[in-house]
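Open your viewer and keep the selection panel handy.

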Amino acid sequence: MTSHDGHLHAGHDHAGDQHSMHEGHEGHGDHSGHDAHGGHGGGGVNAMAASATLHCLTGCAIGEIAGLMIGTAIGLSTGWTIALAVTLAFAFGYALSTLPLLKSGLAVGAAFSVVLAADTLSIATMELVDNLVMALIPGAMEAGLVNVVFWIGMMIALSVAFVAAFPVNRYLLQRGKGHALTHQYHGAEPVQEGVRRFIPSFSSGALAAVIIAFMLGGLSVAIADEIGGGPAPAEQVEMQNH
């Protein structure tokens, strides 16, 4: 009788162990939330890639226009003007990505190291595609800032650059690289002391609005200049010559 009870007890324990192991396996196997958080979900990684690309695009647009304005103002050659524009595009692109990291409390050197690893490939892709498209558009590179061709060409070039850089950022995010390196800092509680509390935060929508306003503003000035200061009719030119 004792051995029979022992056998039943052992069987009961075995069943309990199986049940415990099964429950543990179920708990361990449910990775749906972890996968979505890690960027494996299509919607999540696409949104992060779009945001990362917008950050780079805004910096590239501001840097390139600033470089072209400076180069034109001081009389640089086309080659040096493009070199300055590309340099400033990288500078502004890195700066926009560094600000959120500084706001989260990361040191300047550490923040720049993270951004350097996260954004370099994305910005390089944008600059390569942007300048290639501008070179292919007749007259876009030679046109001045107050020229409709330049602004329309810039809009086309930046749009193509965004499309080219988006899959690059998506690829990097899926492998835990690129902007995935900065993602953990974006969710951190911002530092509320010292100069860091004055660092601004930019949403993806705000960055898109800045780019659109920037482009439309330049195009409007170019159109107004062309309408108001167009070439004089042939008769007026002849009269001025006399």
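How many disulfides does the structure hold? The structure holds zero disulfides, a disulfide being a pair of cysteine sulfur atoms within 2.5 Å.

Before going on, a word on the ground rules: this is a predicted model, in which local features need pLDDT of at least 70 and side-chain atom pairs count only at pLDDT 80 or more, while totals for chains, interfaces and linings use all residues. Residues are numbered from 1 along each chain as its sequence is written, and side-chain values use heavy atoms, with hydrogens and water left out.

**Stop 1: the cysteines**

Select C56 and C60. The closest cysteine sulfur to that of C56 is in C60, 6.3 Å away, so it is too far for a bond. C56 counts as buried because its relative accessibility is 0%; buried means under 20% relative accessible area, exposed over 50%, and partly exposed in between, with a 1.4 Å probe and protein chains only. C60 is buried too, at 1% relative accessibility.

**Stop 2: the whole chain**

Zoom out and colour by secondary structure. You will find nine helices and zero strands; helices (H or I, at least four residues) and strands (E, at least two) are DSSP runs, numbered from the N terminus. Of the 242 residues in the chain, 31% are buried. Among the contacts with a separation of 6 or more, 76% join residues 24 or more positions apart, where contact means heavy atoms within 4.5 Å.

**Stop 3: T53 in helix 3**

Now select residues 42-73, which form helix 3, and pick out T53 within them. T53 counts as buried because its relative accessibility is 0%. Its side chain reaches the backbone oxygen of A49 at 2.6 Å. That is a polar contact: a pair of N or O atoms within 3.5 Å, where within protein one must be able to donate a hydrogen and the other to accept it, and residues adjacent in sequence count only if both atoms are side-chain atoms. Setting aside neighbours within four places in sequence, T53 contacts M126, F162, A165, F166 and N169.

**Stop 4: the nonpolar core**

Next, select M126, F150, W151, M154 and M215, the residues with the most contacts inside the largest nonpolar core, which has 38 residues. Such a core is a set of buried Ala, Val, Leu, Ile, Met, Phe, Trp, Tyr and Cys residues joined through side-chain atoms within 4.5 Å. Helix 3, helix 4, helix 5 (108-136), helix 6 (148-174) and helix 8 (204-228) each supply at least two residues of this core. Centre on M215: not counting residues up to four places away in sequence, M215 touches I65, W151, M154, M155 and L158.

**Stop 5: along helix 4**

Select residues 78-103 to show helix 4. Look for a kink of about 25° at S97, shortly before P100; the bend at a residue is the angle between axes fitted to the seven residues ending there and the seven starting there. Buried residues of this helix include T81, A85, S97 and K103. Just after the helix, G105 takes a positive phi of about 110°.

**Stop 6: N131 and the ends of helix 6**

Move to N131 in helix 5, whose side chain reaches the backbone oxygen of E127 at 2.8 Å. Then select N147, which caps the N-terminal end of helix 6, with a side-chain oxygen 2.8 Å from the backbone nitrogen of V149. Finish at G176, which follows helix 6 and has a positive phi near 75°.

Key:
Expected span 1.5 Å × (residues − 1).
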